[in-house]
Amino acid sequence: MNFRCPVCKKQYVTSLQVARHIFGTGDKPHRGWVESKGYSFIDLLLEQATGPGNKSYEILAKVVEESQAEIKD
Ligand SMILES: [Zn+2]
């Protein structure tokens with residue numbers, strides 16, 4: 001199963017790759033989507049940069065998974 005970016009609909013094999021893509025892109029639409037899900041893009045990014053492991057990626061990957069049904073063609 002492929003996962004799509006809820007913002008630009010780009011496809012990836014794993015939800016973690018979508019999360020990485022969202023952080024890596026970081027433009028206004030992608031930041032806005034993260035905020036619309038109740039998370040602070042900056043806080044997640046800082047946590048990822050300063051904390052151990054992939055916690056922020058994993059949080060965002062889960063949100064990406066939960067949002068797949070909302071993506072319209
Ligand atoms: Zn995207």
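Begin by selecting helix α1, residues 15-25, where the buried residues are Ser15, Val18, Ala19 and Ile22; a residue is called buried if 20 or more other C-beta atoms, placed from the backbone, lie within 10 Å of its own. These residues lie on the same side of α1, because they cover an arc of only 100° around the axis, the arc being that of the directions from the helix axis to the C-beta atoms. Helices (H or I, at least four residues) and strands (E, at least two) are DSSP runs, numbered from the N terminus.

The model is a predicted one, in which local features need pLDDT of at least 70 and side-chain atom pairs count only at pLDDT 80 or more, while totals for chains, interfaces and linings use all residues. Residues are numbered from 1 along each chain as its sequence is written.

Next, show what covers the buried residues of α1, which includes β1 (3-4), β2 (11-12), α2 (28-36) and α4.

Now move to helix α3 (residues 41-50) and helix α4 (residues 55-67), whose axes come within 7 Å and cross at roughly 140°; axes are lines fitted to C-alpha atoms, for helices over the stretch in contact, and angles run from 0 to 180 degrees between N-to-C directions.

Finally, zoom out to the whole protein, which has 4 helices and 2 strands and follows the pattern β-β-α-α-α-α along the sequence. Its C-alpha atoms fill a box of roughly 35 × 25 × 20 Å, taken along the principal axes.

Key:
A residue is buried if 20 or more other C-beta atoms lie within 10 Å of its own, exposed if 12 or fewer, and partly exposed in between; C-beta atoms are placed from the backbone. Two residues are in contact if their C-beta atoms, placed from the backbone, lie within 7 Å.
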